[in-house]
Amino acid sequence: IKAIEYYKKEKFDDAIKEFNTYLNASPHDNEALSYIALAYMKKNNLSEALIYGEKAYKSNPDLSLANFALGIIYTLDKEKIKEGLTYLDRSITLDPELIEAHEYLGEYFYSNEELNKAEVYFNNVLKLEPSNLKALNGLGSILYDRGEHGKATEYLLRAIEINPDYSDNWLNLGNIYYGKKNFEKAMEYYKKAIELDPNKFKAYHNLGLIYYDRKDYKNALKEYEISLKINPFYSDAYNSLGRLYQTSGDLDKSINCYKKALDINPENFYFLTNLGIAFYEKKDYDKAQKQLEEALIIYPDYPYANVSLGNIYYKSGQYAKAIKYYEHYLDIATDNKDKIKTYINLGDCYYKNKMWYKAIECYNLVLKLEPANVNVIRQMGLVYEGKGEFNKALQLYESALKINPDYTVVNQDINRAYNRK
């Protein structure tokens, strides 16, 4: 009983010591073996956790706690995830009221962005324990991710009412207000989470995001470093640190941080894309291309990987390949600012490939938003000149010069078009 109390209070060293003392008298107690496995897992000592978990399971394969412990340990091994999920499902079959298994599967599926599955398990928890804070927070996070901010806030406020000292409540509430760009409220709630739990590394990291958004890079750096000091395996913090160094122009440090993030989470398409863009900015196009292609294998519809790969092919004169990625980006992107630049580049690619009508279509889309863009007006003139429509080309060149009399490059275009005419 004392050992279990230590475990529930997260005093894992004391719990392991007490359980081992108990095992000296009862060496085949499968429940004690399972708890030791879970305690070692909480301490990130997976090798010891596996030893005790397998002992517990071999001794009694029908013990739900043994299946639960072994299931968690296996899901932490990329090679054994499927097997781990089987053990976890079996733990629930053996004991449908094993709340910890429902909680873990909810958190597991949420972290893997399988929101519907996560929602099922968190709802299972609430059926068993209506005031369960992890489930309320989990459902709040799911609703937030779906854009249902009002409902998400309801779940989190309900959790705070049950236990105002549970730091995750405040962290997740801060995330909602961060998503709404209410940075003052978000900062208030992140600081409250830290007040309740000084080791809440995600709250420090998210404070850093607010400082970064405000261009207060000194304080952003400070918060990211605190987050990583508490949890050196927090890949999001390395990624954010990489963005900060990239923004500051220190590409070597930026690349190093992205690589550290990928060492921890090697299949994160977002990290791969950021590393690719950093290599692109460093003009190391081969390495940039490799990272971006890997990102698109994992998530083919990630807009920034598509547009960035298009930029690399555009830069190297591989216009047909650039067209493929630019076109896909424009199908999936929502940011008008990036779209304008992409339409310009795509128009240039069509122009280079003598796809006149498509080039004109792209430039016209840009001019609807930026009617005084002299570079695009000139480029449209080049298209018409390429088509042999010299009068239309001259009209466009002169229009650009009228908007900006200092745009003297078009004088050469005008002379050339007159001569060709």
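Mentor: The buried residues of α14 pack against α13 (201–213) and α15 (235–248). Packing here rests on contact, meaning heavy atoms within 4.5 Å. This is a predicted model, where local features need pLDDT of at least 70, side-chain atom pairs count only at pLDDT 80 or more, and totals for chains, interfaces and linings use all residues. Residues are numbered from 1 along each chain as its sequence is written, and side-chain values use heavy atoms, with hydrogens and water left out.

Trainee: Which residues of α14 are buried?

Mentor: A220, E223, Y224, S227 and L228. Buried means under 20% relative accessible area, exposed over 50%, partly exposed in between (1.4 Å probe, protein chains only).

Trainee: How do you know where the buried residues of α14 lie around its axis?

Mentor: Seen down the axis, they fall within an arc of 135°, so they line one face of α14. The arc is taken over the directions from the helix axis to the C-beta atoms. The face turned away from the buried side carries exposed K218 and K229.

Trainee: What makes the span of α14 agree with its number of residues?

Mentor: α14 has 14 residues (217–230), and at 1.5 Å a residue it should span 20 Å. The expected span is 1.5 Å times one less than the number of residues. The end C-alpha atoms are 20 Å apart, so the two agree. Helices are DSSP runs (H or I, at least four residues), numbered from the N terminus.

Trainee: Which residues have the most contacts inside the largest nonpolar core?

Mentor: L173, Y190, Y224, L309, L346 and M380, in a core of 86 residues. A nonpolar core joins buried Ala, Val, Leu, Ile, Met, Phe, Trp, Tyr and Cys through side-chain atoms within 4.5 Å. A second, separate core has 51 residues, including F19, A37, M41 and A69.

Trainee: Why is T75 called buried?

Mentor: Its relative accessibility is 7%, so T75 counts as buried. T75 sits in helix α5 (residues 64–75).

Trainee: What does the side chain of T75 make with the side chain of Y104?

Mentor: A polar contact, at 2.6 Å. The cut-off is a pair of N or O atoms within 3.5 Å, within protein one able to donate a hydrogen and the other to accept it; residues adjacent in sequence count only if both atoms are side-chain atoms.

Trainee: Why is N44 called exposed?

Mentor: Its relative accessible area is 64%, so N44 is exposed. N44 lies in the loop between α3 (30–42) and α4 (46–59). Its phi is positive, about 65°, although N44 is not a glycine.

Methods
Helix = DSSP H or I, 4+ residues; strand = E, 2+ residues; numbered from the N terminus.
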